[in-house]
Structure formats: C-alpha cells, structure tokens
Amino acid sequence: MKIAIGNDHAAVEMKKEICAFLEELGHEVINFGTDTGESVNYPVYGEKVGRAVASREADCGIAICGTGVGISLAANKVKGIRAVVCSEPYSAKLAKLHNNANVLCFGARVIGIELAKMIVTEWLNAEFEGGRHADRVNMIMEIENR
C-alpha cells in the first residue's frame, strides 16, 4: 500500500518513526512532511497529504502535527478527504469501519510513539463495512458538492 505522510515541525521525530514502522510492515511511504525542526505551517502539509490521497497518488494518508487537529482541518478541505484525529486505537478502527476515513491524524504532543503505532495498526487493518455506513459516507460527500 502507498501511504502519504505529512507533518509539521512538532512531529518530525514521530513522523520518522512512523515511516520506519510502515516500511517494516511492507508499505511504501511518500513523505510530504518537513524533516527539520524549523517552524512551518501545518496547513501546507495537511493539504499535500489530502491532495495525494484525493488524486490516488497514495492509497491513504497520515498527517501529524502537535495535536493532530490543525493538520486534519487542512486535509479535510480537500474534496474527497475524510480525515480523522484519533488519540486511541478504537476510534481509529471505527473511523475506517464506519466512516471510510482515508487520512489518519494524531498529535505528536498528545500521544507517544507506541500508542501511535497501535492507532496506525488498527486503522490500517480495518476495512470499510459499507452497507448503511456507505449511505452515511455518501451523505457526507454530498455536503462537499453543495
């Protein structure tokens, strides 16, 4: 699977560790994030991840900033993106099962690396259930077209 990843200055080290983790699992990682600790603007990186997923350059995306909130807001502005902020594995799993979330976000200042790996694992291993959930996801996507 091709996974787009983006981050701001607050999440450089966590991004590096998540990239290595994803590669160990056999995934191809496309790095759209910063690799320096210099202050940058998270919306730039949230949009890059969102556009990579929306254009199908990547199968899904992961975006990390200090809290995960700002970068998720930016990713969600890209048509076709359903970015979610998760600080624990259960919500990550349900976000994929029920909402077909295609970008996972979390905060490097909120969770530690081992919890981040658990969240990523649950999200990647979950598969969208479709059915009544597909109707709801379609309703969400229709909002974008209004």
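1. Helices (H or I, at least four residues) and strands (E, at least two) are taken here as DSSP runs, numbered from the N terminus. By this assignment, Cys 65 lies in strand E3 and His 98 in helix H4.

2. The structure is a predicted model, in which local features need pLDDT of at least 70 and side-chain atom pairs count only at pLDDT 80 or more, while totals for chains, interfaces and linings use all residues. Residues are numbered from 1 along each chain as its sequence is written, and side-chain values use heavy atoms, with hydrogens and water left out.

3. Strand E5 (residues 103-107) is mostly covered, five of its five residues being buried; buried means under 20% relative accessible area, exposed over 50%, and partly exposed in between (1.4 Å probe, protein chains only). Val 103, Cys 105 and Gly 107 point one way from the strand, and Leu 104 and Phe 106 the other way.

4. E5 pairs with E3 (residues 60-65) in the parallel sense over five bridges; two strands pair if DSSP finds at least two bridges between them. Strand E4 (residues 83-85) also runs parallel to E5, joined to it by three bridges. Leu 104 is the bridge partner of Ile 62 and of Val 84.

5. E4, helix H4 (residues 89-99) and E5 form a right-handed β-α-β unit. Right-handed means that, with the strands pointing away from the viewer, the path from the first strand over the helix to the second runs clockwise.

6. Cys 65 is buried, at 3% relative accessible area, whereas His 98 is partly exposed, at 26%. Not counting residues up to four places away in sequence, the contacts (heavy atoms within 4.5 Å) of Cys 65 include Asp 8, Tyr 42 and Phe 106. On that basis His 98 touches Phe 128, Glu 129, His 133 and Val 137.
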